[in-house]
Each structure stands twice: as C-alpha cells, then as structure tokens.
Amino acid sequence: MNKPSTQRLIHIADLQIFKRLNLLGMFFALLISSVFLNAQSPSLAKTAKPVSSMGKVSQQVSPDLEPTLKKYEKEIYFTENKGQWPLNVLYKADFLYGQAVATPNGMVMSSFDPASVGARSKWMMDEEEAKHEGRAFNTPMPALKGHAWMMEFVGASPGMTTSNRDAKGDLANYFIGNDPSKHATDVKSYNEVWYNNVYNNIDVRYYPSAEGALEYDIIAKPGSDPSKIAIKFDGIEKLALNASGHLVLYTSVGEMDLPEPYVYQTVNGKEVKVEAAYALNANNELTFVFGKYNNSLPLVIDPIAMRWATWMTQNSANDNHGHCIWVQGSDIYVVSRFSGSGLITIPGSFSTSAIGALDLNVGKYTEPASVGGAGVRVWQTYLGGQEGDENPYVAEFGLDGLYIAGYTTSNNFPVAASGTAYSGSGLSGALSEGGDNCFVIKINAAGNSIKGAVIGGGGTDDIYDMRITAAGDVILGGLTTSTDLSSNYSGSGASNTNNGGNDFWLFKINQNLNTLAW
C-alpha cells in the first residue's frame, strides 16, 4: 500500500542545522557511491547498461507465492537512480553504518567503521564552531573507513533483470553541482528490490527485516534447481563457517557473523521448515545444502533470519540500556538499567522520581519454537536502592542462580535475603560509604528471591568483570580510588595505597555473599 506524502514542520531555530545535516548526508551518499563504484569497481561502470534498459519496473508477486513471503512493518528506502549517480547504480539504500547499492551485476554492501564516522562527525562540528567563532581551522578531514563487497551470483542467467516493489509515497530531489543534466527531481523510493531470474525460476528479494536491517531471500520456484546457487563475495578475502554453522566474513573493519540459513516452504497454509546449511565450494563461494523438500512448491532460502526481539523499558525516554545477557540452555536472562517515573497513584499533575535515579531490570525469556516467533517472557524483576543509582555491568549463572554485578550509590541497596531461595544477609559494610560501591547480587531461576552484597571504600569502586569458580565462589574485578579498603576488610589483603588516579582491584567473595576471601 502506498503511503501518502507527508510534510514536516521545522522550527525556524533548527533550520540551519537541518540544512547542514541534509547537505552532509547528500555529500556522503555521493562520495561513497562515486568512490566505491568508480574507483574500486571500474569494470561495473564500463559494462553497465543504461538505467532505462535494466528492467527497473514495479514487481507484482504471483498470488500463489505471496502468502509464503515474510513481510515486516519496518521500512527501507531503496532510492532509484534518475541520473544523480553513475549509470551502474540502479538503487541505493542507507543504514546506520552501512549502505546497499543495487547494480546490474549484484548488490554492493558497505560497512562503515563507527569510530571513523564519529571522528568525521566531530570534525564537521569543530569546523562549524571555528567558523562561527571566526577562528582558523586547518585540521584535515579524517578518512572515512569501511569495507565494501558485492554479492555476485556465480553463473547467473544473462536474462537477469531488476525490479522494485512497494513504492513510497514521498519523492526526493537532487540538485548537486552546477550541471543541470546531473540533477534529478521526483525521485521515487521503494521498500524492496528484486533480482529476477537470477537462475532459471530463481529470484532474489532484498527487503527490510523485523529489526529494520537489510535481509534477502532466495526464492526457488517449482521446478528450479537451487543446488546451482553459488554466491561470490567479491571484495571479501576470506569466508569461513564456524562450529555453529554461521558464515563469517572477514573484513577490514572487523568480522561479520551471519547466522545459519532458515529455509522453509508453505504447505497447506502452514510454514514447514526445510533442513539446510551453508557450504563453501573450492572457489570459496557460498552454496547451500538442503534436506528433503517438495520440488513442486516454492522454496524460500532466508540466509539472515531474525529470530525474535523484544523491548525491556519503562516509560522513560532515555537511560534504558541492556547491559548483560546470559543464555542458560533455552533460558535467556537479560539485565538492563532504566530510569522511570516510579509508581503514580494520584491523578493530576505530578513530579516524582524513580526508585533511585537508575535501577535494575532483570528479565527471563525462553526461545520461541520457530524463527519469527515471539520470545516468551517468563518473568521480569526490578531491583535497586531508593536514593541513588544502580548500574549493572556483568552477569553470569552460578550454582544457585544468576549473579549480577555493577555499582551502586544507594545506602539501602538490598543485601538481606528476600524470598525463599536464600537466607541471611550479605556483606553490607560499604553501604554507608560515599561514591560508587560495588554490588553483587544473585537472583534465583524463578526470579522471586534475591540476596546481595555491597563492597567498597570511601572512593569510587566499580566492577566491570566477573567469573564464578567451580566451587561457586565469585571473583570480581574493576577500578578503585579508595584508600581505606584494608581497614574495611581487615586481613583480606586489600591496600590503603592509592598509586595515582584509578587503581585496579580484584576480590573474591563466597557463594553466600557474606564472606570476603581476599
């Protein structure tokens, strides 16, 4: 369904920065497209056909195939080329730290180095500030680092064409440079780009995944031979399959891990999974191995399947961070921090704060039965002090529950056992100390019982890592500026010496969280 065109109202005070950001976005798009497609892939520019002859038509999926295709509410803007880019560009889509460019020979994928993107963004702001203040600014623009590769289907049909689907309601215009022949107006964008008849009766569909990232399906129609599919990652020197069957791409900006493919058919209105796996041939090209399936029905190969996703948040607009995750069998534990408005019971205007500024949110989920299914939340537990902040940094499952560690500034962080799984109280001597103190807390598998400990001195004591021994003892490490640890924990080996700035500290506490070993 086409969406109606929309108008955006811009506050006059924001107009100048809007113009600057818009121009910068266009500049990046032109720069990256031109540099990669002309400098790194000159052969594409030489062999590209005129845009008008490349089959850029609206795609209508056959009614028998429509129910089989997955479709999500997320959107991708595949913008058509009407002369604003080189001829070998058919469509272009931009993502956070990434880009996809559809060419006649295949889809070109780019991954940007976030650090270099941030450095360039800072440079632009610094330059703008210098100009505003009338200062000289001679710092060279930082290089934009990234890695690009083409997904080329080996042995593709000479009759392969491209098409689009799900047109957007809004239009774009490009007036870059002073050559009117390179300007473009009323440029359309689409949610999907298809490569048709890549092999006989086999199409490739690029579309938005459930999380808004780019996903592609290989659609083998009845009577086709999917064993002929071979994908060359041109620009990637090394591909590998790990022990989990994932495809690992080694790029100059890091490794990219792609999960094992999900392959399915729709039989009598129900989705039926087909056993499948990645394989690499002698030419380091990606192929697929299939189990039994019905060749008289369409077969959909989904190499980048989004398994499930969920939100953990309060009614706040910021400070909702997922910091830890632990997988125990089919159970998934997620630990986050949040800032919320607390409990509101009085109607009318109010001003209140959370139970502390930042608190902990621990949730337990189970895996869904199938790809695309919803993860089931078993329980969600909130905990923290009432005055200060709690920030979790690490979690690990021990012998008797999930252990979570981080820092607290509250003087009433829960250390006494609550619920039926645990008893007694944990260490609490640092509750009256100022600044950040380390907390370690355990919560049982049912989420209804906790016990904690707070360790630290008069300075800042933070925890960033944790390991649990075979005996169940907990070892934690982080930084400290305290000079009274040995008086607080006599005989533990702690030092009263500060060696300047932050020092490293390491300690071991027993499973019961009431005795410091060292």
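Trainee: How many bridges join strand β10 to β11, and which way do they run?
Mentor: Four bridges join β10 (residues 189-199) to β11, and the two run antiparallel. Bear in mind that this is a predicted model.

Trainee: What sits between the strands in the hairpin of β10 and β11?
Mentor: There are two residues between the strands, and N201 takes a positive phi near 65° in that hairpin.

Trainee: And which strand does β11 join through seven bridges?
Mentor: That is β12 (residues 214-220), again running antiparallel to β11. In this pairing I202 stands opposite A220.

Trainee: How many residues of β11 are buried?
Mentor: Seven of its seven residues, 202-208, are buried. I202, V204, Y206 and P208 point one way, while D203, R205 and Y207 point the other way. In a regular strand, side chains alternate between the two faces of the sheet.

Trainee: Changing topic: is E80 buried or exposed?
Mentor: E80 is buried, because its relative accessible area is 11%, under the 20% cut-off. E80 lies in strand β2 (residues 78-80).

Trainee: What does the side chain of E80 reach?
Mentor: The E80 side chain reaches the backbone nitrogen of K188 at 2.9 Å.

Trainee: Now the open sheet of four strands. What order do they have?
Mentor: The order is β26-β27-β28-β29, with antiparallel pairing.

Trainee: Why is one side of β26 and of β29 left without a neighbour in the sheet?
Mentor: β26 (390-398) and β29 (450-455) stand at the edges, and each has a single partner strand, so one side of each has no neighbour there. On average, neighbouring strands of this sheet are turned by 20° against each other, direction ignored.

Trainee: How many bridges do β26 and β27 pair over?
Mentor: Eight, in the antiparallel sense, with β27 covering residues 401-408. Within that pairing, P392 stands opposite G406 in β27.

Trainee: Last one, the surface. Which residues make the nonpolar patch?
Mentor: F504, L506 and W518 make a nonpolar surface patch of about 350 Å². F504 is placed in strand β32 (residues 503-509).

Trainee: Is F504 itself buried or exposed?
Mentor: F504 is exposed, because its relative accessible area is 63%, and the cut-off for exposed is over 50%.

Conventions: Residues numbered from 1 in each chain as written. Predicted model: local features only at pLDDT ≥ 70, side-chain atom pairs only at ≥ 80, totals over all residues. Heavy atoms only, no water. Pairing = 2+ DSSP bridges. Axes fitted to C-alpha atoms, helices over the stretch in contact; angles between N-to-C directions. Patch = residues over 30% accessible without salt bridge, like charges linked within 9 Å, V, L, I, M, F, W, Y side chains within 5 Å. Areas by Shrake-Rupley, 256 points an atom, 1.4 Å probe, with all protein chains shown as cover. Salt bridge = Lys/Arg side-chain N within 4 Å of Asp/Glu carboxyl O. Buried < 20%, exposed > 50% of the residue type's maximum accessible area, 1.4 Å probe, protein only. Polar contact = N/O pair within 3.5 Å; in protein donor to acceptor, adjacent residues only side chain to side chain.
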